[in-house]
Amino acid sequence: MSRIERSDARANRERVVSAARGAFAEGGLEVPVREVARRSCVGVATVYRHFPTRADLITAVLSERVAVCSAEMRQALVDPDPWRALSGTILRFADRQMQDRGLNEALLGSHEAGLAFRRERNEHAAALETLVGRAHAAGVLREGVAVEDVRAGLLAIASFRALPPERSAVLIRRLGKLLLAGLRAPN
């Protein structure tokens, strides 16, 4: 027999996920559960009732974010403009470095939460390779640039997320523009 979730319980769960999303984005995946409970205006026991382990909570939050990333990659793959598709992907990546520390820790770092998203990481890597190939075929990517070069640029962008937020935002934007300028084929 399936249990129907009460509306107040469903609302509590949604508040917990929303609060955790903000807490993890700002403070990373090690933010204490009691902080998530405080932000969602529920008790710690309520958090654990919905998410028996910290990993369950992290996975619930990251699943939504990874789904958004996957949808954006699918949109880039069908974009008829290869440069817009690749450059948009790079700029969205840079934007995430400034806005979502938890997602970055899971997907780019060694946090165990990232293991649940191995398939998605592989799909995103394959999509990036396709975008680079399309940009080369269209002649909009500098000759000799390989997908590894693009990945190196993305890792350089990601490295700035460890700086204070106001400083990292400026540097990430500058490096993103510099990376795009260096990748684009001369006219």
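Which residues does Val 140 touch, not counting residues up to four places away in sequence? In this predicted model, Val 140 touches Trp 83, Ala 135, Leu 183, Arg 184 and Ala 185 once such sequence neighbours are set aside. Val 140 itself is placed in the loop between α7 and α8, and because its relative accessibility is 19%, under the 20% limit, Val 140 counts as buried.

The overall architecture may be described next. The protein chain contains nine helices and zero strands, and its elements, read from the N terminus on, run α-α-α-α-α-α-α-α-α. Taken along the principal axes, the box filled by the C-alpha atoms of the protein chain is roughly 60 × 40 × 25 Å. Of the 187 residues in the protein chain, 43% count as buried. When contacts between residues at least 6 apart in sequence are considered, 66% of them join residues at least 24 apart.

Two packed helices are described by the angle between their axes and by the distance between those axes. For helix α1 (residues 7-27) and helix α2 (residues 33-40), the packing angle is about 125 degrees, and the axes are 8 Å apart; α1 and α2 are therefore oblique to each other. The crossing in which α1 passes α2 is right-handed. On the α1 side, Arg 15, Val 16, Ala 19, Ala 20, Gly 22, Ala 23, Phe 24 and Glu 26 meet Val 36, Arg 39 and Ser 40 of α2. In the loop between α1 and α2 lies Pro 32, which counts as partly exposed because its relative accessibility is 32%. Pro 32 and Arg 54 are 22 residues apart in sequence, and their C-alpha atoms are 9.1 Å apart in space.

Cys 41 has a positive phi of about 60 degrees, although Cys 41 is not a glycine. This residue, Cys 41, is found in the loop between α2 and α3, and with a relative accessible area of 66% Cys 41 is exposed. Ala 45, for its part, has its place in helix α3 (residues 44-50) and counts as exposed, since its relative accessibility is 52% and the limit for that class is over 50%. The C-alpha atoms of Ala 45 and Val 33, twelve residues apart in sequence, are 9.9 Å apart in space.

The pairing of α4 and α5 has a packing angle of about 160 degrees, with the axes 9 Å apart. That angle makes α4 roughly antiparallel to α5, because angles over 145 degrees are assigned to that class. The contact is made by Arg 65, Val 68, Cys 69, Glu 72, Met 73 and Ala 76 of α4 together with Ala 85, Thr 89, Arg 92 and Arg 96 of α5. The crossing of α4 and α5 is right-handed.

At the start of α5, a side-chain oxygen of Asp 81 reaches to within 3.0 Å of the backbone nitrogen of Trp 83. The buried residues of α5 are Pro 82, Trp 83, Ala 85, Leu 86, Ser 87, Gly 88, Thr 89, Ile 90, Phe 93, Ala 94, Arg 96 and Gln 97. These buried residues pack against α4 (54-78), α6, α7 (118-137), α8 (147-159) and α9 (165-183).

Asp 100 lies in the loop between α5 (82-99) and α6 (101-108). With a relative accessible area of 7%, Asp 100 is buried. Apart from its neighbours within four places in sequence, Asp 100 is in contact with Ala 25 and Arg 65, and the side chains of Asp 100 and Arg 65 are joined by a polar contact of 3.0 Å. Arg 65 is also one of the α4 residues that make the contact with α5.

Note on methods:
Residues are numbered from 1 along each chain as its sequence is written. This is a predicted model: local features need pLDDT of at least 70, side-chain atom pairs count only at pLDDT 80 or more; totals for chains, interfaces and linings use all residues. Side-chain values use heavy atoms; hydrogens and water are left out. Helices (H or I, at least four residues) and strands (E, at least two) are DSSP runs, numbered from the N terminus. Buried means under 20% relative accessible area, exposed over 50%, partly exposed in between (1.4 Å probe, protein chains only). A polar contact is a pair of N or O atoms within 3.5 Å; within protein, one must be able to donate a hydrogen and the other to accept it, and residues adjacent in sequence count only if both atoms are side-chain atoms. Contact means heavy atoms within 4.5 Å. Axes are lines fitted to C-alpha atoms, for helices over the stretch in contact, and angles run from 0 to 180 degrees between N-to-C directions. Angles under 35 degrees count as roughly parallel, over 145 as roughly antiparallel, 65 to 115 as roughly perpendicular and the rest as oblique. A crossing is left-handed if the near helix is turned anticlockwise from the far one by less than a right angle, and right-handed if clockwise.
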